[in-house]
Amino acid sequence: MQQRTIKKPVEVVGIGLHKGEPIKLRLEPLGTDAGIVFYREDLALSIPLSPSSVIDTRMATVIGSEKGFISTIEHFLSAIYAYGIDNLRVIVDGNEMPIMDGSSISFCLLLDEAGIEEQNAPKKIICVKEPVEIRDGDKFVRLLPSDTASFDFRIKFDHPVIGEQSEQFEFSTHNFVEEIARARTFGFAKDIQYLQSQNLALGATLQNAIGLDDHKVLNPEGLRFDNEFARHKILDAMGDMMVSGYNILGKYESFAGSHNLNYQLTSRLLAQSNSYDLVTVDELQSVEFARSFA
């Protein structure tokens with residue numbers, strides 16, 4: 001299996017979740033071993049994708065420096081993970097990614113429009129060798145050695161619509177598009193009102209998120225899946241794992257995980273050289289894993 005980029009540049013305009021302003025997103029192909037590189041066009045600032053570039057995880061995964069930042073990258077990176085993209089230039093003209101409909105499906109369609117190009121270099125992945133875990137009370141995220149890539153997420157909210165939910169997802173590009181990509185982010189009306197009073201979440205609407213009051217879903221169309229909330233947490237986790245710069249062969253498990261715990265997980269994994277190997281897919285001799293990206 002070879003490294004991947006896109007066949008041609010593509011672009012789209014969407015609303016930023018926090019500022020509520022139009023954001024232009026443009027994707028351009030990059031050569032082998034270039035990695036995923038974000039670029040703030042308005043600042044002429046390049047930000048390489050790496051846990052060392054993460055500067056905030058409170059409400060979203062944010063990368064950057066004192067010179068500038070790009071927020072809410074996880075939904076986009078989830079699609080990049082699913083399509084096995086290794087090398088890409090991601091250009092925006094503001095400080096956040098467009099929220100689109102609050103899921104990853106619009107980014108999947110954008111990648112479909114661009115087309116996927118195999119490159120003349122073997123694809124490298126992170127192969128988990130030893131368990132790595134981050135805990136915060138009863139909350140945890142962990143990566144375990146496995147012959148397949150999978151995600152297992154459990155959540156518990158004191159809300160009648162959510163309650164306790166879980167989703168177990170065996171990774172493949174096809175399964176991602178069918179089972180995970182359309183799961184939307186969600187928020188509570190009382191929290192949105194407070195955030196907007198702080199000039200945050202100004203772009204949040206029922207067109208780009210699931211809204212909940214104390215008792216029910218506010219979106220007239222309802223939910224896309226019975227456990228859409230748990231599925232979206234897997235979507236987030238995949239995007240946060242992609243901050244490592246590579247697809248990961250291993251089992252991800254979580255209870256009530258967050259962007260911050262995911263950031264700590266990828267940072268600890270990469271800091272412990274005995275916990276992983278960076279290998280080519282050919283070295284794995286795993287036809288099943290390669291087929292996941294078909």
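Me: Contact means heavy atoms within 4.5 Å. With that in hand, which residues is alanine 256 in contact with, leaving aside its neighbours within four places in sequence?

Reply: Alanine 256 is in contact with Lys139, Phe153, Arg154 and Leu261. Quick background: this is a predicted model, where local features need pLDDT of at least 70 and side-chain atom pairs count only at pLDDT 80 or more, while totals for chains, interfaces and linings use all residues. Residues are numbered from 1 along each chain as its sequence is written, and side-chain values use heavy atoms, with hydrogens and water left out.

Me: Where does alanine 256 lie?

Reply: Look in the loop between β19 (251–255) and α6 (259–271). Those labels come from DSSP runs, numbered from the N terminus: helices are H or I with at least four residues, strands are E with at least two. Lysine 156 is 100 residues away from alanine 256 in sequence, yet their C-alpha atoms are 6.9 Å apart in space.

Me: Why is alanine 256 called partly exposed?

Reply: Buried means under 20% relative accessible area, exposed means over 50%, and partly exposed is in between (1.4 Å probe, protein chains only). Alanine 256 has 22%, so it counts as partly exposed.

Me: And what makes alanine 44 exposed?

Reply: Its relative accessible area is 56%, and the cut-off for exposed is over 50%. Alanine 44 sits in the loop between β4 and β5 (45–48). Its phi is near 55°, a positive value in a residue other than glycine.

Me: Where is aspartate 33 placed?

Reply: Aspartate 33 is in the loop between β3 (22–29) and β4 (36–40). Its phi is positive too, near 65°, and again the residue is not a glycine.

Me: How do you know that glutamate 96 is buried?

Reply: It has 2% relative accessibility, so it counts as buried. You'll find glutamate 96 in the loop between β9 (88–92) and α2 (105–114). Leaving aside neighbours within four places in sequence, its contacts include Gly16, Leu17, His18, Ile70 and Thr72.

Me: What makes glycine 64 buried?

Reply: Its relative accessible area is 12%, so glycine 64 goes in the buried group. It belongs to strand β7 (residues 62–65). Not counting residues up to four places away in sequence, glycine 64 touches Ile47, Ser53, Ile55 and Phe69.

Me: Why are α1 and α5 called roughly perpendicular?

Reply: Two packed helices are described by the angle between their axes and the distance between the axes. The axes are lines fitted to C-alpha atoms, for helices over the stretch in contact, and angles run from 0 to 180 degrees between N-to-C directions. Under 35 degrees counts as roughly parallel, over 145 as roughly antiparallel, 65 to 115 as roughly perpendicular, and the rest as oblique. The axes of α1 (residues 74–83) and α5 (residues 228–242) come within 7 Å and cross at roughly 75°, so the pair counts as roughly perpendicular.

Me: Which residues make that contact?

Reply: On the α1 side they include Glu74, Leu77 and Tyr81, and on the α5 side they include His232, Leu235 and Met242.

Me: What makes the rings of tyrosine 81 and phenylalanine 171 an edge-to-face pair?

Reply: Rings of Phe, Tyr and Trp (its six-membered ring) pair if their centres lie within 6.5 Å; planes under 30 degrees apart count as stacked, over 60 as edge-to-face, and the rest as tilted. Here the centres are 5.6 Å apart and the planes are at 85°, so this pair is edge-to-face. Tyrosine 81 is in helix α1 and phenylalanine 171 in the loop between β15 (164–170) and α3 (173–179), 90 residues apart. Both residues are buried. They also belong to a cluster linked by ring pairs, including Phe151, Phe169 and Tyr252.
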